[in-house]
Amino acid sequence: MNKKRKENIITYTGRFSSTQKGFGFVQIDERDEELFIAAENVSNAMNGDLVEVRLVPVRRGKRPEGVITNVIERVITQVVGTFEKNKSYGFVLPDNKKITSDIFIPKEK
């Protein structure tokens with residue numbers, strides 16, 4: 001994958017691997033160790049997506065960590081789950097446990 005540097009901000013491109021608990025990891029070709037992605041830093045990435053990730057400062061004794069800033073390529077293009085309809089919108093509760101957030105569906109869709 002590739003590495004970009006802008007104003008002391010380092011970003012990489014890699015594949016995101018999610019867990020059922022909402023956090024995940026990004027595997028980057030240029031790095032031996034994958035980056036940990038906390039649940040609050042996953043953005044809207046799904047398991048297997050090609051993502052752009054920004055390094056965050058390493059805390060003493062912790063593994064390298066990142067924040068997903070962009071989804072470059074989606075691997076999952078269809079989601080199977082339970083549709084819940086509301087008055088002004090709907091959402092899908094995915095059957096796949098690695099998809100940890102509901103999929104919002106606007107009323108007009």
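Tutor: Let's start with a term: a nonpolar core is a set of buried Ala, Val, Leu, Ile, Met, Phe, Trp, Tyr and Cys residues joined through side-chain atoms within 4.5 Å. Buried means under 20% relative accessible area, exposed means over 50%, and partly exposed lies in between (1.4 Å probe, protein chains only). The model is predicted: local features need pLDDT of at least 70, side-chain atom pairs count only at pLDDT 80 or more, and totals for chains, interfaces and linings use all residues. Residues are numbered from 1 along each chain as its sequence is written, and side-chain values use heavy atoms, leaving out hydrogens and water.

Student: Which residues make up the largest nonpolar core?

Tutor: There are twelve: Ile10, Tyr12, Phe16, Val26, Ile28, Leu35, Ile37, Val42, Ala45, Val51, Val53 and Ile68. Two or more residues each come from strand 2 (9-18), strand 4 (35-37) and strand 5 (50-56). Strand 2 gives the largest share, three residues. A strand here is a DSSP run of E with at least two residues, numbered from the N terminus.

Student: Why is Arg63 called partly exposed?

Tutor: Its relative accessibility is 35%, and the partly exposed class lies between the buried and exposed cut-offs, so Arg63 belongs there. Arg63 sits in the loop between strand 5 and strand 6 (65-73).

Student: What makes Glu30 partly exposed?

Tutor: Glu30 has a relative accessible area of 41%, so the label is partly exposed. Glu30 belongs to the loop between strand 3 and strand 4. The C-alpha atoms of Glu30 and Tyr12 are 8.8 Å apart, although the two are 18 residues apart along the chain.

Student: And why is Ser43 exposed?

Tutor: The relative accessible area of Ser43 is 56%, which means exposed. Ser43 lies in the loop between strand 4 and strand 5. Ser43 is not a glycine, yet has a positive phi of about 60 degrees.

Student: How do you know that strand 2 and strand 3 pair?

Tutor: Two strands pair if DSSP finds at least two bridges between them. Strand 2 and strand 3 (residues 24-27) have four bridges, in the antiparallel sense, so they pass. Phe16 has Val26 in strand 3 as its bridge partner. The two strands form a hairpin with five residues between them, and Gly22 in the turn has a positive phi of about 105 degrees.

Student: What makes strand 3 and strand 4 a pair?

Tutor: Three antiparallel bridges link strand 3 and strand 4. Phe25 stands opposite Phe36 in strand 4.

Student: Why are strand 7 and strand 9 called edge strands?

Tutor: Three strands form an open antiparallel sheet in the order 7-8-9. Strand 7 (81-85) and strand 9 (103-106) each pair on one side only, and they are the edge strands. Strand 8 (residues 89-94) and strand 9 have four antiparallel bridges, and Tyr89 stands opposite Pro106 in strand 9.

Student: What kinds of residues line the largest pocket?

Tutor: Its lining has eight nonpolar, eight polar and three charged residues. Here Ala, Val, Leu, Ile, Met, Phe, Trp, Tyr, Cys and Pro count as nonpolar, Asp, Glu, Lys and Arg as charged, and the others, Gly among them, as polar.
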